[in-house]
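Here is a short briefing for a first look at a structure. Please keep the sequence and the model in view while reading.

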Amino acid sequence: MARPYDLPRITALLCFETAARHLEFKSAARELNVTPAAISHQIKALEAELGVPLFRRRHRGVELTETGAFLMVALQRGLTTISDAVGDIRQRLATQDVVVQVSTAVSAFWLTPRIASFWTAHPTTTVSQIVTDHPDADPRADLVIEYGETDPDDTARTLLFRDRIIAVATPDYVARHGIAGPRDLLDAPLIHIAADLTHWTSWEEWLFALGLPAPRGQRLVVNNYMIALQLAQDHVGAVLGWEHLIAPLLSRGSLQALGAEALLAPAAFQLRLHRHASDRARVFADWLARQDTGLSESVASG
């Protein structure tokens with residue numbers, strides 16, 4: 001089935017728009033919380049797809065080409081329209097029945113596909129999302145889905161699932177770097193996730209659990225999990241994936257597991273309900289807690 005919009009990857013377009021505003025990759029990288037190399041990679045991929053240069057690289061910063069300026073104007077018009085619509089939605093959040101705060105990845109891969117099933121059973125209840133990768137709770141949220149250590153004495157939190165962490169990449173990456181098992185990853189390009197407020201299992205920790213030393217290959221560091229997954233899908237490097245969470249990417253072949261080795265995640269995905277949540281929010285929370293029950297907590301080893 002053909003896509004309704006003839007667009008390049010949204011990530012690449014956003015990186016281009018930010019770099020075009022700043023006329024500098026470093027400032028764009030700071031705004032998007034990624035590395036300048038990640039910005040450069042996305043823009044080069046966009047230029048390759050369009051078949052034209054969008055920037056002239058100068059010693060100090062960059063300049064837009066005529067084509068780049070044309071695309072920049074179109075993007076700003078479109079993003080302004082989107083921004084206005086998002087502002088209207090945010091103003092209406094207070095009138096929604098249930099508001100869920102959730103990270104970008106959990107929303108895209110786990111929560112959003114399940115909301116349709118909830119609406120089938122509860123058609124009169126509206127569920128809205130506050131999608132953010134910042135761990136602080138938004139006061140508008142009735143419930144929060146978060147990744148962290150479980151506490152059996154904390155009655156406000158309900159375990160959703162504890163995942164397994166696996167190494168994943170594209171078939172192209174596997175073939176290009178001759179990856180047959182975890183040891184082959186030691187000298188291969190790896191995508192690292194560094195977030196100030198959230199501790200994600202690192203490559204060093206994952207390899208140590210398998211009895212292997214720290215990786216020695218090229219490091220690509222980002223602090224956004226969705227961008228890390230996108231870079232992996234672009235064949236840039238391998239990334240650690242939460243197996244259950246990224247199941248849609250694995251099932252359609254966008255990424256593949258690099259062997260059977262896995263590490264049980266040290267933290268779990270859990271639901272925290274606000275003490276003043278409405279009855280409808282509690283119904284949704286109870287329904288959500290029953291999803292994906294029985295997920296194995298065993299660790300597979302190769």
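This is a predicted model: local features need pLDDT of at least 70, side-chain atom pairs count only at pLDDT 80 or more; totals for chains, interfaces and linings use all residues.

Residues are numbered from 1 along each chain as its sequence is written, and side-chain values use heavy atoms, with hydrogens and water left out.

**The largest pocket**

- The largest pocket holds about 1000 Å³ of space. A pocket is an open set of points on a 1 Å grid over the protein atoms alone, where a 1.4 Å probe fits, with protein on both sides within 12 Å along at least five of seven lines. Its volume is the space filled by probe spheres set on the points.
- The lining of the largest pocket counts 24 residues; lining residues have an atom within 4 Å of a point. Nearest the centre lie I10, L14, L32, L79 and I82.
- Four helices, α1 (10-22), α2 (25-32), α4 (66-92) and α8 (225-233), each give at least two residues to this lining. Helices (H or I, at least four residues) and strands (E, at least two) are DSSP runs, numbered from the N terminus.
- Helix α1 supplies the largest share of the lining, eight residues.
- By class, 13 lining residues are nonpolar, six are polar and five are charged. Ala, Val, Leu, Ile, Met, Phe, Trp, Tyr, Cys and Pro count as nonpolar, Asp, Glu, Lys and Arg as charged, and the others, Gly among them, as polar.

**A nonpolar surface patch**

- Y5, L7, I10 and L14 form a nonpolar patch with about 410 Å² of accessible area together. Such a patch joins nonpolar side chains (Val, Leu, Ile, Met, Phe, Trp, Tyr) within 5 Å, from residues with over 30% relative accessible area and no salt bridge. Areas come from the Shrake-Rupley method with a 1.4 Å probe.
- L7 sits in the segment before α1. L7 counts as partly exposed because its relative accessibility is 40%. Buried means under 20% relative accessible area, exposed over 50%, and partly exposed in between.

**Salt bridges**

- The structure holds 13 salt bridges. Each is a side-chain nitrogen of Lys or Arg within 4 Å of a carboxyl oxygen of Asp or Glu.
- D234 pairs with R9, the closest N and O atoms being 3.3 Å apart. The two are 225 residues apart, with D234 in the loop between α8 and β10 (239-242) and R9 in the segment before α1. D234 is buried at 16%, whereas R9 is partly exposed at 41%.
- R21 pairs with E31, with 2.7 Å between the closest N and O atoms. This pair links helix α1 to helix α2. R21 is partly exposed at 39%, and E31 is partly exposed at 39%.
- E17, R21 and E31 are linked in a network of salt bridges.
- E243 pairs with R164, the closest N and O atoms being 2.7 Å apart. E243 lies in the loop between β10 and α9 (247-251), and R164 in strand β7 (residues 164-169). E243 is partly exposed at 26%, while R164 is buried at 16%.

**Positive phi angles**

- L23, not a glycine, has a positive phi of about 55°. L23 lies in the loop between α1 and α2.
- N33 has a phi near 60°. N33 is in the loop between α2 and α3 (36-50), and is partly exposed at 45%.

Notes. Patches are made of residues with over 30% relative accessible area and no salt bridge: like charges are joined within 9 Å, nonpolar side chains (Val, Leu, Ile, Met, Phe, Trp, Tyr) within 5 Å. Buried means under 20% relative accessible area, exposed over 50%, partly exposed in between (1.4 Å probe, protein chains only).
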